Amino acid sequence: MKSWGNAVCKNGANEDAIPQRAEGGRRSPAFGDYRPQFYYDGHDWDARHIYPDVKQANPGDTVRAFLGFLSPAEHLGKIYPDMTFEIREGARTVGRGRVTRIIELEESAIRSNQKNP
């Protein structure tokens, strides 16, 4: 599988591999603010992807991205370095990834809980 992304999350850092169209991946590039689902443990979670080093991430490319969970508190204690996950658009898996590090997840969860008690 050719890789499409190496992602670094705002709430964690990830390395994503997304296949080309012929391998079942996306048909077009993804741009900053791409919002696929981050799938692990049988659940889909919304995560915003931002690509700091490129304007677009093409199928088959390897890129770095920052991911931010829309519900960070739900992930406390559940994501960890070297954990694998899928990147999905609806029910279709368009890539796979591996968490490389966690960044500000706990702080994001606290801020989110203060806004939505």
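Biologist: How many salt bridges does a search of the whole structure find?

Modeller: The search finds four salt bridges, a salt bridge being a side-chain nitrogen of Lys or Arg within 4 Å of a carboxyl oxygen of Asp or Glu. This is a predicted model, in which local features need pLDDT of at least 70 and side-chain atom pairs count only at pLDDT 80 or more, while totals for chains, interfaces and linings use all residues. Residues are numbered from 1 along each chain as its sequence is written, and side-chain values use heavy atoms, with hydrogens and water left out.

Biologist: Which residue forms a salt bridge with Arg48?

Modeller: Asp33 does, with the closest N and O atoms 2.3 Å apart. The pair links distant parts of the chain, 15 residues apart: Asp33 lies in the loop between β2 (30-31) and β3 (37-40), and Arg48 in strand β4 (residues 43-50). Strands (E, at least two residues) and helices (H or I, at least four) are DSSP runs, numbered from the N terminus.

Biologist: And what is the distance between the closest N and O atoms of Asp33 and Arg35?

Modeller: For that salt bridge the distance is 3.4 Å. Asp33 is partly exposed at 37% relative accessibility, and Arg35 is also partly exposed at 44%. Here buried means under 20% relative accessible area, exposed over 50%, and partly exposed in between (1.4 Å probe, protein chains only). Arg48 is partly exposed as well, at 35%.

Biologist: Changing topic, which side chain meets Arg88 in a salt bridge?

Modeller: That of Asp44, at 3.0 Å from N to O. This pair also links distant parts of the chain, with Arg88 in strand β7 and Asp44 in strand β4, 44 residues apart.

Biologist: Is Arg88 buried or exposed?

Modeller: Arg88 is buried, with a relative accessible area of 14%, whereas Asp44 is partly exposed at 34%.
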